[in-house]
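Please find below a colleague's notes on the model, arranged as numbered points.

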Amino acid sequence: MKKIIQVRDVNKSFGGVIANRNISIDVEEGKITGLIGPNGSGKTTLFNSIVGYHPIDSGTIHFENHEISKLRVQKIARLGVLRTFQQTRIYSKMNCVKNMLISSAHHNTKWTDMFSYYPKELTERAEKLLEFVGLYGKRFLISGDLSFGQQKLLEFAMALMNEPKVLLLDEPTAGINPTLINGLIDRLKRANNEFGITLFVIEHNMRVVMNLAESIYCLAHGEMLSKGTPEAIKQDQKVIDAYLGAH
Amino acid sequence: MNIKLTKVIFYGSILLAGIFAPILFPAYTFQLALLWMMILFALTWDILGGQMGYNSLGNILFFGAGMYICTVVQIGMYYDVAEYTAHFGAVKVDFTSYQYFTGIATGLVVAAIACVIIAVIFGWIVFGLRGPYFAIGTLGVAIAAGELVGAWDYVGGGGGISLPNYPGGPADREMFFYNLCFISAVCTFVFLKWLYSTRFKLALNAIRDDEEKAEAMGIHTNRYKTIAWSFSAFFLGISGGIFGNMTGFIEPLEVAFPTVTFGIFMVLMVLLGGKGTLWGPVIGAVIFHLIKELTWTYLLGWQWVALGALIIINVVYFQQGIMGWAQEKWPELFGITLDETNSGTEEKILS
């Protein structure tokens, strides 16, 4: 299986705090990979390192054939590695359709595209994706007025609009009610299946991550604790001690 | 009546008013010219301050730079600038009408282009700053520019420059500059109306709402920021060149880089009218200019107090501005509607 993201021996510390120590991770193309671990174990730091949000101290990060650990955020995003935020981030004073339109892919844009109009197909695609996440009826509302869960769905739709190759989701189900979570799992799987987007997901909800992911990495105290299939992770004593707890 | 016809009548009547106002009220020609200039100020400030959320207090830099560049080019085409600006008056200044008009035309073009270049250079420096730091940083640049020009003898230093005399009568002169102001303000409006219908506006709005998100989505944020500032600079440079010639005498602190008057007015007009809208700055500029002229006429002595009170009321109780208030009151007029007619099912969508 082709590895689309390869993280090798990445170290990252903030002052005296070591957030990531010798982390190596492979994300396989076309699959859903999970990342779990207690709060403060360095999951989001790892995400930030991959998307170029901050420089890493040492190690390498490869996306396809590119070494991306020295590239800047926008450049990495345009290569096709996109992330969503733990604290949902949308363009809160614009309506949903505009949020979607401006999220369309920027990797092939020319200078003149800055001053072009949006073609009709793009608006249609935006509306279809909004319908996909169930926000079609609210598409002309100011996105900042939507509920938290709806904003989360909008952020997910915006990411799909960008047509990424890999999507890094930071706690996609946090703050979403149980009924909506089922719908979201379904949509994540379909994004993976039907749109062919590789997913790399941080998630605290074990039901969700065990259901979604084909392989899971578990971090604790900035170090790699364990990796394996959901079944193997569930049985791993180290993971149970550090994170899952005995049931 | 259909919408298109309403629009034609609406814009037509504004244009007609613009053309005939100085003819009907010749005594107010200078005031009306100033009003168009205020509209231009507000419109150009709103590109960054409203649409992009970068509150610049230093846009007046381009106004002053445009003014000086235009003047120097105008004079430099036919005279030696250093001799012209020397305080002892070494050269006899006499511009033929051909020299005058070619000078002003070339001057305005050069001023506009030079201001764009200045915007790109300064943008590269100040766009590293965000929020209040950007505001203070740009303010510093504008004030520094005024002081630097004041110390530069080639352009007359603090003593300023008298501009070439208009080759014609005072009434013609007023009409000429009125028309320049009118045309440049209308051009700015039309340009922005087009610009705000393209992707460009959405990118600016995205930067305003969440710049980090915009970066994470791969938007070329620096490119957009620099170009947006260049547009501001382009039109402000032209307005500076016109204003310098209109007043007939320029000097660095009060005329060219008036950070505490025009520099602040352009912010206030936008806040009053409503940030981030096309019409807000225009409405704000008109109302502000009216209030300002009325208080200057009828409350003389208290005019700055009245203006200060207006600022406080505006900022404390009326932050959204007139257009923002209208949008809250009548959201449907601005297209903010709930559409419950869900078309099709999800199955259909993905096929």
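1. Glu155(A) and Lys213(B) form a salt bridge in which the closest N and O atoms are 3.2 Å apart, a salt bridge being a side-chain nitrogen of Lys or Arg within 4 Å of a carboxyl oxygen of Asp or Glu. Between chain B and chain A the count is 3 salt bridges.

2. This is a predicted model, in which local features need pLDDT of at least 70, side-chain atom pairs count only at pLDDT 80 or more, and totals for chains, interfaces and linings use all residues. Residues are numbered from 1 along each chain as its sequence is written, chains are lettered from A in the order in which they are written, and side-chain values use heavy atoms, with hydrogens and water left out.

3. Contact (heavy atoms within 4.5 Å) involves 42 residues of chain B and 48 residues of chain A. The area buried between the two chains is about 4200 Å², with 57% from carbon and sulfur atoms; buried area is the accessible area (1.4 Å probe) that two parts lose on being put together, summed over both.

4. A search of the whole structure finds 3 cavities of 30 Å³ or more, and the largest cavity holds about 90 Å³ of space. A cavity is a set of points, on a 1 Å grid over the protein atoms alone, where a 1.4 Å probe fits but cannot get out, and lining residues have an atom within 4 Å of a point; a volume is the space filled by probe spheres set on the points, which are joined across faces, edges and corners. Glu155(A) is among the residues that line the largest cavity, including also Lys152(A), Phe156(A) and Asp170(A).

How values were computed
On a 1 Å grid over the protein atoms alone, a cavity is a set of points where a 1.4 Å probe fits but cannot get out, and a pocket is an open set with protein on both sides within 12 Å along at least five of seven lines; lining residues have an atom within 4 Å of a point.
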